[in-house]
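Thanks, everyone. Let me put the model up and walk you through a few parts of it.

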Amino acid sequence: MTRLTCRDVIDLLADYLEATVSPETLAAFERHLEGCPACVAYLNTYRKTRELTATVARVSMPQDMQARLRAFLIEQLRGG
Amino acid sequence: MEEAASEAQLIARLRGGDTDALETLMARYSSRVYRLAHGITRNDADAEEVVQDVFLSLFRKIDTFEERSALGTWIYRVTANAALIKRRGKRVQLEVFLEDQLPTFREDGHREGDRDFLLADWSTRPDEELVGIETRRVLTRALDQLPDGYRTVVLLRDLEGLSNEETAEALGESVASVKSRLHRARMALREQLTRALVRASGPG
């Protein structure tokens with residue numbers, strides 16, 4: 001039975017969230033989490049970080065910029 | 001209907017020099033192009049110039065587009081290139097050592113550090129707090145501090161929702177490099193958030 005350390009578990013986090021770890025590794029990963037609240041906290045906050053990053057970085061293009069873009073392209077394309 | 005125009009038709013019309021097709025392309029992609037450009041350059045004025053350059057080159061260089069890749073991925077590629085060039089030479093000396101933001105381990109592979117800090121799980125705090133002004137500020141600054149190549153990967157994967165393979169294609173890098181940068185960048189962002197949230201109000 002494979003035993004994973006905290007280091008192994010943290011190395012695997014991205015693959016775990018992608019669901020690309022093998023069944024055997026997944027079992028070892030979950031066994032480690034059962035006995036390690038620090039890794040559980042790390043996993044939860046890592047996952048939440050991903051979500052918050054998407055929220056914070058989701059900026060919208062200002063309306064007037066959209067209009068300027070259109071005007072710019074028309075001018076450039078007319079000019080050849 | 002314009003919206004229903006398939007990608008192949010759209011490309012054909014662009015190749016024919018149809019400026020209406022450019023309008024369709026803008027309607028479909030300009031918010032994504034802006035978001036990525038802004039995420040990489042970190043300011044409005046540079047993002048605006050990048051968006052203009054990108055659409056102009058999309059129209060002028062559509063002949064160089066190879067149809068084995070998806071149009072969306074190609075657009076991300078053109079955008080990331082333009083934004084990274086714009087950013088070059090301008091970057092503020094903010095970049096902190098990533099190594100300081102990564103977890104450290106004892107010889108036996110256990111995490112090292114203050115117990116309260118290691119056990120702090122702020123993920124269950126209410127959303128009002130987590131997307132509040134202070135958290136936004138911390139996370140924005142943490143994103144500013146990431147090396148450009150790392151931030152770009154995070155934006156393509158976690159904001160734009162590209163796969164590791166698509167991100168690798170858009171950046172002309174290996175999948176292994178994308179995966180490694182993504183993981184390190186997420187850990188650095190997580191660390192900054194944890195330091196700010198746990199310092200502000202104690203663990204948990």
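Start with one residue, Arg35(B). Leaving aside neighbours within four places in sequence, Arg35(B) is in contact with Arg58(A), Val59(A) and Leu159(B). Contact here means that the C-beta atoms of two residues, placed from the backbone, lie within 7 Å.

A word on the ground rules. This is a predicted model, where local features need pLDDT of at least 70, side-chain atom pairs count only at pLDDT 80 or more, and totals for chains, interfaces and linings use all residues. Residues are numbered from 1 along each chain as its sequence is written, while chains are lettered from A and ligands numbered from 1 in the order in which they are written.

Back to Arg35(B). Its place is in helix H2 (residues 19-41) of chain B. Helices are DSSP runs of H or I with at least four residues, strands are runs of E with at least two, and both are numbered from the N terminus. Is Arg35(B) buried or exposed? Arg35(B) has 21 C-beta neighbours inside 10 Å, so it counts as buried. The cut-off for buried is 20 or more other C-beta atoms within 10 Å; exposed is 12 or fewer, and partly exposed lies in between. Leu155(B) is 120 residues away along the chain, yet its C-alpha atom is 8.9 Å from that of Arg35(B).

Now the contact between the chains. Chain A puts in 34 residues and chain B 45 residues. On the side of chain A, helices H1 (6-18), H3 (37-57) and H4 (63-78) each give two or more residues. H3(A) gives the most, with 16 residues. That side of chain A divides into 19 nonpolar, 9 polar and 6 charged residues. Nonpolar means Ala, Val, Leu, Ile, Met, Phe, Trp, Tyr, Cys and Pro; charged means Asp, Glu, Lys and Arg; the others, Gly among them, are polar.

Next, chain A as a whole. It has 4 helices and 0 strands. Its radius of gyration, taken over C-alpha atoms, is 23 Å, well over the 12 Å that the globule rule gives for 80 residues, so chain A is more spread out than a compact globule. That rule is 2.2 Å times the number of residues to the power 0.38. The C-alpha trace of chain A spans about 70 × 25 × 15 Å along its principal axes. Of its 80 residues, 26% count as buried.
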